[in-house]
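Subject: Structure for you to look at

Hello,

Here is the structure I said I would pass on. Please open it first and keep it beside you while you read the notes below.

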Amino acid sequence: MNTLLYILWNPSIEAFHIGPLTFRWYSLCWLVGLLLAYLVVKRLFKEQHIPDEKFDPLFIYCFLGILIGARLGHCIFYQPDYFLTSWKGFVEMLLPIHIDQQGSWHMTGYQGLASHGGTAGLILALLLYVRRIKVPLWQVLDNIAIATGTTACFIRLGNLMNSEIIGRVTDVPWAFIFERVDMQPRHPGQLYEALAYALLFVIMWCLYRKRPQLVGTGFYFGLCLFYIFLFRFFIEYTKEVQEAFEEGLLFDMGQLLSVPFVLVGGYYMIRALKKK
């Protein structure tokens, strides 16, 4: 195999240090993605004359909903045999630590986050937000959907920097060799998704500029779910399975979890267009 034909990929997972603190690329990508979404939604709320005091709590609801949902989604659907069968696993599911065989622990961050769980957690957090803050539910969901592509894009770039969620072995000329995994040329599935989500944001923003009256109908919310999870269903064919039990399944866990979101997204898109 001629490795010169492919892209050798082995960046450090650490971006920089400040004293004893270490900042990883994955964490930075999460923060950048959330910051961009924050700025986009803030602008949308301002254009739609929603007061600042109703916008301010939104970020905390979204951040906690995404983080908690993504963590629980990974632990419950991908590694239940580890996280749900012992006190050690249960503690590691809730706290960003690893407990070794001797009982001592050290900080690791949350190693294992699932986008399906993050989406479900975000929706639940938004339901709590609109109930408490008293803003129209569908207006909030549509505005969040318009900005979602920015966060999703940077999360996948974080996965790329971590050399995780790798693709299957391939001979395409743009294949990546993830040196920390093996020396096999593989599909850069993380990059495929990052580009797809960046395109989603462009599509959403252009549609919003042409059809701002659709905000509040659920159309943008439905389009976001439909686009992301339909793409997720097909991109799984280029990715390695994440857990061994998926090897014997006709569809892997990512595909199975994508189907309900695709159906729900399609339903809300059709419903919104019929109303208009």
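**Helix H10**

Helix H10 covers residues 253-275, 23 residues in total, and reaches 34 Å from its first C-alpha to its last, close to the 33 Å expected at 1.5 Å a residue. The expected span is 1.5 Å times one less than the number of residues. Helices (H or I, at least four residues) and strands (E, at least two) are DSSP runs, numbered from the N terminus.

Before going on: this is a predicted model, where local features need pLDDT of at least 70 and side-chain atom pairs count only at pLDDT 80 or more, while totals for chains, interfaces and linings use all residues. Residues are numbered from 1 along each chain as its sequence is written, and side-chain values use heavy atoms, with hydrogens and water left out.

The buried residues of H10 include Met253, Leu257, Phe261, Tyr268 and Ala272. Buried means under 20% relative accessible area, exposed means over 50%, and partly exposed lies in between (1.4 Å probe, protein chains only). Among the elements that cover the buried residues of H10 are helix H3 (58-77), helix H6 (115-133), helix H7 (137-161) and helix H9 (219-235).

**Strands**

Strands of a sheet pair through backbone hydrogen bonds, either parallel or antiparallel. Two strands count as paired if DSSP finds at least two bridges between them. E1 pairs with strand E6 (residues 176-178) in the parallel sense over three bridges, and Trp9 stands opposite Phe178 in E6.

Strand E2 (residues 14-18) and strand E3 (residues 21-24) pair in the antiparallel sense over four bridges. Ile18 is opposite Leu21 in E3. This hairpin has two residues between its strands, and Gly19 takes a positive phi near 65°.

**Ile166**

Is Ile166 buried or exposed? Ile166 is buried, with a relative accessible area of 12%. Ile166 lies in the loop between H7 and E6. Leaving aside neighbours within four places in sequence, Ile166 is in contact (heavy atoms within 4.5 Å) with residues including Phe178, Val181, His187 and Lys239. The C-alpha atoms of Ile166 and His187 are separated by 7.1 Å, and the two residues are 21 apart along the chain.

**Salt bridges**

How many salt bridges does the structure hold? There are eight salt bridges (a side-chain nitrogen of Lys or Arg within 4 Å of a carboxyl oxygen of Asp or Glu). One of them joins the side chains of Arg43 and Glu47 (3.1 Å, N to O). Arg43 and Glu47 are about one helical turn apart, because they are four residues apart in helix H1 (residues 25-47). Glu47 is partly exposed, with a relative accessible area of 30%.

Glu47 also meets Arg209 in a salt bridge (2.8 Å, N to O). That pair links distant parts of the chain, with Glu47 in helix H1 and Arg209 in helix H8 (residues 189-210), 162 residues apart.

Glu193 and Lys239 meet in a salt bridge as well (3.0 Å, N to O). Glu193 is in helix H8 and Lys239 in the loop between H9 and H10, 46 residues apart. Both Glu193 and Lys239 are buried. Salt bridges that share partners join Arg156, Glu193, Arg232, Glu236 and Lys239 into one network.

Regards
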